[in-house]
Amino acid sequence: MERGMISVDQWSERSQAYFLTHLHSDHTKGLSSQWSKGPLFCSPVTAKLFPVKFPEFDFSLLRVLEIGSSHLLSLVSPTTGSKTTVQVTAIDAHHCPGASMYLFQGEFGCVLYTGDFRWEATSERAKLGKDKLLNALGNDKVDLLYIDNTYCNPFYSFPPREVAAQQVVDIIESHPEHDIIIGIDTLGKEDLLLHISRTLKTKIWVWPERLQTMHLLGLYDIFTTDTSLTRVRAVPRYSFSIDTLEGLNSMRSTIGIMPSGLPWVWRSLEENADSPASFSICHSAGSKGSTSDGLHVDRCQLNSKSSSARRYHPYAYSVPYSDHSCFGEIEEFIKLVQPSKIRGIVSSSFSYTNPLYHFSHLCGVSQLPEQLGKKVQKEEENARTVQTKSAIGCSEYRETKPKRDRTLKAGNLRVYRSRISVLRRVRCGAKIVEMDNID
Ligand SMILES: [Zn+2]
């Protein structure tokens, strides 16, 4: 597709139409309430949630695309100046509420942009999405696939979300006298919370802005901001730290649960005396470590445990509940689509792998001329270097040290926000992503 026609989750370039896959902050970087560059297309749920994030936005620029339906856009070719028609189909990405893939078909061929997505083999929604995609494709072949490569590494193998959700319930049930805190983002993991609520017949505390989002999503009776009504609280992910949990446990027994595809480990004070104790991400690793209280963390085990819940600290568990596809699901998707070319939409310092490294053999046309092959090899070497460093020191993937930069009131307790930022680069337009949305 020519430059200057369509942009997806990219807001800096001049285009004739802009598409937003979903509202996570790494996909809206550069978008603001002052937006005036052109029409912005998104799903109905994203449009409904849009004012929460961009209250001053000129909503006459929003164009709502129903999931599963196709629309024709009349654009102008920047090179020839002639009119051209583009068909776009929005497909359920099953990532967070409102998340959509976009299939573009026109004179340029066929381009599929997944945005962040998770299509589990067992998911009815994914099956419906697959049918819509194949139906929209007809006899066309995908010439270029932009794919969510967040977990494009064989290390990452997650169970379906309903299985991981039950793991969370099991942890909560095994601590009947404890308060529970669960780290979540500003959007996403609603199905997990609903499963907990229905199974345990309990309300779930959320912070006031999150309650507003729940109400916009039509979830009225399950969530509350009254801490006296429940022992289960969903808290902002950035407030989820050892400091928080130790503070809470000095008053009342509390267990923390982090639902995430990332392997979370406890990072002790002694590992970095300048930083508050916090959870951190440990990528595939090969060393053993011990924390200040003698808790041994066998990092080798991470390679085989990305699919199970783990207790990393006396107060904390991680559960592999992910809204991104794991490696096997990415592979299945590429087999389904059989694109001529693939590009990953995300590269990051913690898990970046060019999808070509693993999946070039699934492309219809070889995408590995000598130069690109060398480039891929170099990127992989860089990725391995990062992994090796982290294996030695578990220094993981911080752009900056965690800071006690803010505090918030949660259940009348001061909770320190320890924020971890992770640098992500995007191959088609750079973007910086923070940990909030790498789930
Ligand atoms: Zn996302």
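Analyst: Strands S6 and S7 (residues 100-106) run antiparallel and are joined by six bridges. Two strands are taken as paired if DSSP finds at least two bridges between them, and the elements are DSSP runs numbered from the N terminus, helices being H or I of at least four residues and strands E of at least two. Within this pairing, Gln 87 has Gln 105 of S7 as its bridge partner. This is a predicted model, in which local features need pLDDT of at least 70 and side-chain atom pairs count only at pLDDT 80 or more, while totals for chains, interfaces and linings use all residues. Residues are numbered from 1 along each chain as its sequence is written.

On its other pairing, S6 (residues 83-92) is joined to S5 (residues 70-76) by seven bridges, and these two strands also run antiparallel. Leu 75 has Thr 84 in S6 as its bridge partner. S5 and S6 form a hairpin with six residues between them, and Gly 81 in the turn has a positive phi of about 75°. S7 in turn pairs with S8 (residues 109-113) in the antiparallel sense, over five bridges; here Gly 106 stands opposite Gly 109 of S8.

These strands belong to an open sheet of six strands, ordered S5-S6-S7-S8-S9-S21, with mixed pairing. Its edge strands, S5 and S21 (341-344), each pair on one side only. Neighbouring strands of this sheet are turned against each other by 20° on average, direction ignored. Axes are lines fitted to C-alpha atoms, for helices over the stretch in contact, and angles run from 0 to 180 degrees between N-to-C directions. Helix H2 (residues 124-137) lies across S5, S6 and S7, running at about 160° to S6. Contact here requires that the C-beta atoms of two residues, placed from the backbone, lie within 7 Å.

A further open sheet has four strands in the order S1-S2-S3-S4, with parallel pairing. Its edge strands are S1 (6-8) and S4 (62-64), each pairing on one side only. Between neighbouring strands of this sheet the average turn is 25°, direction ignored. S3 (residues 40-42) pairs with S4 in the parallel sense over three bridges, and Leu 40 has Leu 62 in S4 as its bridge partner. Helix H1 (residues 44-53) packs on this sheet, touching S3 and S4, and its direction makes about 150° with that of S4.

Helices also pack on each other: H3 (residues 161-173) and H4 (residues 190-200) meet at an angle of about 50°, with their axes 9 Å apart. H3 and H4 are therefore oblique to each other, where angles under 35 degrees count as roughly parallel, over 145 as roughly antiparallel, 65 to 115 as roughly perpendicular and the rest as oblique. Among the residues in contact are Ala 165, Val 168 and Ile 172 in H3, and Leu 192, Ile 196 and Leu 200 in H4. By class, this contact has seven nonpolar, two polar and two charged residues; Ala, Val, Leu, Ile, Met, Phe, Trp, Tyr, Cys and Pro count as nonpolar, Asp, Glu, Lys and Arg as charged, and the others, Gly among them, as polar.

As for confidence, the mean pLDDT (the predictor's confidence in each residue, from 0 to 100) is 78, and 72% of the residues reach 70 or more. Over residues 266-279 pLDDT stays under 50, and the model has 39 contacts beyond four places in sequence for them. The pLDDT is also below 50 over residues 281-304, a stretch with 54 contacts beyond near neighbours in sequence.
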